[in-house]
Amino acid sequence: MIVETRAKLMAAGRRAFAAKGYAGASMDDLTAEAGLTRGALYHHFGDKKGLLAAVIAEIDSEIAARLRVIIAQADTAWDAFIDESVAWIEMSMEPEIRRIMLLDGPAVLGDPSGWVGQTACVDSTARSIRRLIDEGLAKPVDPDAAARLVNGAALSASLWIASAEDPRAVSARAIESFLALASGLRKHA
């Protein structure tokens with residue numbers, strides 16, 4: 001029953017945050033849609049902000065799974081590194097990700113670079129860069145520093161795209177520039 005209650009609240013929160021935004025989603029609407037009380041929301045998430053953090057963690061987990069598939073489909077380690085980064089930037093145009101994670105999330109929860117999911121992204125990117133260095137595909141740089149810079153660029157591009165009037169046009173510009181920046185890591189024979 002606890003798992004079911006939490007799932008109902010998460011689903012209601014996710015729909016409401018995507019459709020109305022954090023500010024427009026009232027706690028009464030969230031709980032009524034889920035067929036639950038405010039007490040259930042408080043018990044499971046503390047408050048609406050806690051529900052938003054849980055929804056973001058869920059979306060982040062789904063994004064990570066999608067990115068793992070993209071990495072697995074790449075022909076080379078370099079392609080995996082680039083494809084993963086570009087896919088993340090492109091995902092910023094998806095309405096749910098755009099609204100919940102990139103617009104409302106930072107406004108309510110603060111700087112995304114401190115979120116658990118973002119820390120996991122940096123760690124994953126550092127592992128990718130270490131692999132690229134080990135395989136002789138990337139210059140011998142500090143993988144942790146490079147991962148923070150790569151992720152910072154991708155996150156900043158995603159935030160820019162999410163707030164743009166024409167996200168598709170901004171995305172194309174951001175990806176082109178990101179690829180130019182990332183190519184600086186590549187070791188050429």
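**View 1. The buried residues of helix H3 in this predicted model.** Helix H3 runs over residues 38–45, and its buried residues are Ala40, Leu41, His44 and Phe45. They sit on the same side of H3, because they cover an arc of only 100° around the axis. What do the buried residues of H3 pack against? Their partners are three helices: H1 (2–24), H2 (27–34) and H4 (48–73).

**View 2. The spot just after H3.** Here we've moved along to Gly46, which takes a positive phi of about 85°.

**View 3. Helix H6 and what covers it.** Helix H6 spans residues 95–109. Buried here are Ile97, Ile100, Met101, Leu102, Asp104, Gly105 and Pro106. The cover over these buried residues includes H1, H4, H5 and H8.

**View 4. The largest pocket.** This one has a volume of about 500 Å³. It is lined by 26 residues, and those closest to its centre are Leu67, Glu84, Gly117, Ala120 and Cys121.

**View 5. Who lines the largest pocket.** Which helix gives the most? That's H7, with 8 residues. Sorted by class, the lining of the largest pocket holds 14 nonpolar, 8 polar and 4 charged residues.

Technical notes
Residues are numbered from 1 along each chain as its sequence is written. This is a predicted model: local features need pLDDT of at least 70, side-chain atom pairs count only at pLDDT 80 or more; totals for chains, interfaces and linings use all residues. Side-chain values use heavy atoms; hydrogens and water are left out. Buried means under 20% relative accessible area, exposed over 50%, partly exposed in between (1.4 Å probe, protein chains only). Helices (H or I, at least four residues) and strands (E, at least two) are DSSP runs, numbered from the N terminus. The arc is that of the directions from the helix axis to the C-beta atoms. Contact means heavy atoms within 4.5 Å. On a 1 Å grid over the protein atoms alone, a cavity is a set of points where a 1.4 Å probe fits but cannot get out, and a pocket is an open set with protein on both sides within 12 Å along at least five of seven lines; lining residues have an atom within 4 Å of a point. Grid points are joined across faces, edges and corners, and a volume is the space filled by probe spheres set on the points. Ala, Val, Leu, Ile, Met, Phe, Trp, Tyr, Cys and Pro count as nonpolar, Asp, Glu, Lys and Arg as charged, and the others, Gly among them, as polar.
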